[in-house]
Amino acid sequence: MDDPYQNNVQGIEGETYPTYGEGGQDGYPYQSDYPAQEEDAASDVTEGHDEDEQMYEGEYQGIPHPDEIKEARRAARREARMKAKLAALEDEETLADQYESIMEDCGHGRFQWTLFTVLGLALMADGVECFVVAFALPSAEKDMCLSNANKGLLGLIVYVGMMVGAVLWGGLADKLGRRQCLLYALAINCIFSFLSSFAQGYGFFLFFRLCSGIGIGGSVPIVYTYYAEFLQMDKRGEHLSWLCLFWMLGGLYASFTAWGIIPHYGWGFSMGSEFQFHSWRVFVLVCFLPSVVALAGLVFMPESPRYLLENARHDEAWMILRQVHDTNWRAKGEPERVFEVSQIKTPHTQDDDFIEIQSETGTAFQRFMVRQMTLIKQVMKNLLSLAAPELRLPGLFIAIVWFTMAFSYYGLSVWFPDQIKYLQYEEYELNAKVFHREKVERFHFNFTLQNQVHREGEYIHDRFVGIEIRNVKFEDSLFENCYFEDIKSTDTFFENCTLQNTMFYNTDLWKDSKFIDCKFVNVTFHHPKKGCHLNFQEENDVLIYIVSFLGSLSVLPGNIIAGLLMDKIGRIKIIGGSMLVSSGCTFFLLLCFNPGAVITFQCLFYAASAAAWNGIEVITVELYPASKRATAFGVLNGLCKLAAIISIFIFSKFVGITKIVPSLLAFSALVCGGLLSFKLPETREVILQ
């Protein structure tokens with residue numbers, strides 16, 4: 001019978017294996033007279049032993065154990081995966097380095113300045129949006145007869161819309177493209193801003209301003225992401241800082257147009273009693289013009305080539321980069337320079353092929369649903385990826401800096417004008433004329449009554465015809481056989497009064513709102529006025545426009561300093577230094593005893609904090625890779641608007657009560673954010689990933 005192990009023994013050609021009788025190869029002596037054993041005997045010896053204790057027979061022939069083979073295969077797979085990750089990382093770094101080299105070769109010139117203007121107008125539209133409701137609200141609340149609760153909701157609804165829009169459009173911009181999403185966002189803002197100017201009811205106006213805010217909310221995260229991807233490293237900080245000037249221009253534009261339009265009552269028109277288009281609506285209509293111009297200019301701008309490369313659209317990116325190169329060098333008088341780039345690395349996305357196959361099969365509705373569901377999944381996946389280990393800590397730090405800066409800035413931006421109004425109202429009340437126990441009989445009032453208090457008076461057979469009553473209060477008074485006709489009132493009330501045999505004809509003195517705990521005996525109200533009286537001659541309004549104009553203008557020095565120093569001393573020093581200086585300015589709030597002091601310290605605070613905003617926006621662009629850049633910026637800008645909503649609600653509660661709480665809150669937030677900003681990584685000389 002042939003030896004069943006013969007093939008195994010001779011498996012390696014040219015090698016011989018020693019027998020027990022030949023001695024060991026290392027010189028160990030074996031007993032040459034050891035009796036030879038038969039094969040069957042060897043099996044009998046090991047029979048009954050535990051399987052785990054058996055010696056692997058292949059060890060005698062140098063054959064690896066199966067477990068060793070499996071372990072070796074696992075190690076090989078781990079090594080292959082590690083090499084693949086390193087290769088992918090190398091490719092990504094190579095793409096970033098190559099893209100930076102291409103942008104340096106394209107230069108900085110006419111193309112970037114054209115894009116700068118178009119995107120600046122989009123940023124200007126965002127600045128205008130923040131002021132529209134604030135300026136229109138004093139007139140809108142009277143035109144629509146808004147309660148205090150409705151007025152407060154209208155003031156906050158724009159920030160709610162901008163918060164939602166920032167997260168929404170930021171996430172979509174990383175998947176659909178920067179230019180495409182900005183076009184959608186600006187179009188939505190234009191449409192609903194236009195409609196809001198004609199909305200007669202409070203509900204429609206509120207809804208249209210919410211939708212308008214959702215549209216314009218995408219401008220800030222997309223504009224900075226979009227523009228940064230056309231800039232080379234040594235130009236990035238400076239020119240992104242200059243872009244912030246357009247937000248200042250938005251505030252100036254809103255203040256100037258409000259000052260020039262709203263006080264002119266005759267600029268409006270009406271169609272019957274149901275449709276009124278007063279001058280504040282003309283102001284709202286004019287404020288959407290920057291968005292319209294930005295939308296028109298953006299139509300002629302190309303998509304970000306960096307976004308196209310991240311989505312494996314190599315040819316389109318190459319064509320746009322060549323366009324940038326040729327535009328700049330032709331403008332510099334060197335049209336003969338040739339765009340020499342022929343190959344650009346593009347990262348491969350594993351889902352592309354599968355998604356493409358799915359989106360081309362089935363019915364039209366199925367294809368549409370596949371695309372939309374896939375888009376939602378991709379956006380959500382990108383949002384969750386912001387919590388990756390390498391992004392978690394810097395992301396947390398920059399989020400805290402955004403929140404603290406926005407909390408103090410927006411809170412004080414509301415506190416300053418409200419405090420001015422309160423101080424003026426206090427002064428106004430001190431000058432009020434008080435009439436006590438006066439008795440007026442058969443008198444014809446044909447002149448304006450303003451800033452008066454009448455206590456325990458008697459008015460018998462008196463006529464009030466064709467006059468305006470502003471800030472007048474009648475307390476514990478008697479009106480007998482009186483006649484009121486064509487009366488316009490502002491902040492006028494009758495409290496604990498008795499009215500007998502009196503008629504009100506075509507007035508806005510409504511029984512349910514202007515009379516508090518009054519007694520009526522044979523009193524009639526005929527043809528009451530609809531709507532509320534608009535008083536365009538209040539001195540406070542003009543001052544508020546001036547205050548806002550000066551506040552917007554005061555950020556100019558901070559923007560200039562940030563633009564000049566951003567690439568010289570770095571982003572971290574700009575942010576930290578500006579926030580700490582701003583925190584020192586908050587102590588001056590305790591010295592605001594008159595409107596002039598409030599205006600002075602407001603301008604000082606805005607000037608100090610402007611540089612911090614520039615640095616925060618620049619470093620946010622540079623911290624995140626291209627595939628997550630707009631998403632991260634959108635989330636952080638949404639957090640900024642959330643901080644604005646919270647701070648506006650809190651700070652407004654302390655107007656006229658105390659200055660200590662707003663000052664302490666703003667100081668604490670700015671110091672916390674300023675100190676924490678020094679923990680952020682410096683990105684001044686970092687290539688956009």
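How far does helix α7 (residues 202–216) reach from its first C-alpha to its last?

Modeller: Before the answer, please keep in mind that this is a predicted model, in which local features need pLDDT of at least 70 and side-chain atom pairs count only at pLDDT 80 or more, while totals for chains, interfaces and linings use all residues. Residues are numbered from 1 along each chain as its sequence is written, and side-chain values use heavy atoms, with hydrogens and water left out.

Helix α7 has 15 residues and reaches 21 Å from its first C-alpha to its last, close to the 21 Å expected at 1.5 Å a residue; the expected span is 1.5 Å times one less than the number of residues. A helix here is a DSSP run of H or I with at least four residues, a strand is a run of E with at least two, and both are numbered from the N terminus. By that rule, the protein chain has 23 helices and 18 strands.

Next comes the question of which residues of α7 are buried, a word that means under 20% relative accessible area, whereas exposed means over 50% and partly exposed lies in between (1.4 Å probe, protein chains only). In α7 they are Tyr-202, Phe-205, Leu-206, Phe-208, Arg-209, Cys-211, Ser-212, Gly-213, Gly-215 and Ile-216. An α-helix has 3.6 residues a turn, so residues three or four places apart point the same way. The partners of these buried residues are the helices α4 (110–143), α5 (148–176), α6 (178–198), α8 (219–228) and α11 (279–286), against which they pack, and contact in this sense means heavy atoms within 4.5 Å.

For the chain as a whole, 46% of its 689 residues count as buried. Among its contacts with a separation of 6 or more, 67% join residues 24 or more positions apart.

Helix α14 (residues 314–331) can be read in the same manner: its 18 residues should span 26 Å at 1.5 Å a residue, and because its end C-alpha atoms are 26 Å apart, the two values agree. Its buried residues include His-314, Ile-320, Val-324 and Trp-329. His-325, which also sits in α14, has a relative accessibility of 1% and therefore counts as buried. Apart from neighbours within four places in sequence, His-325 is in contact with Asp-105, Cys-106, Arg-337, Val-338 and Phe-339. After α14 comes Gly-333, whose phi is positive, near 85°.
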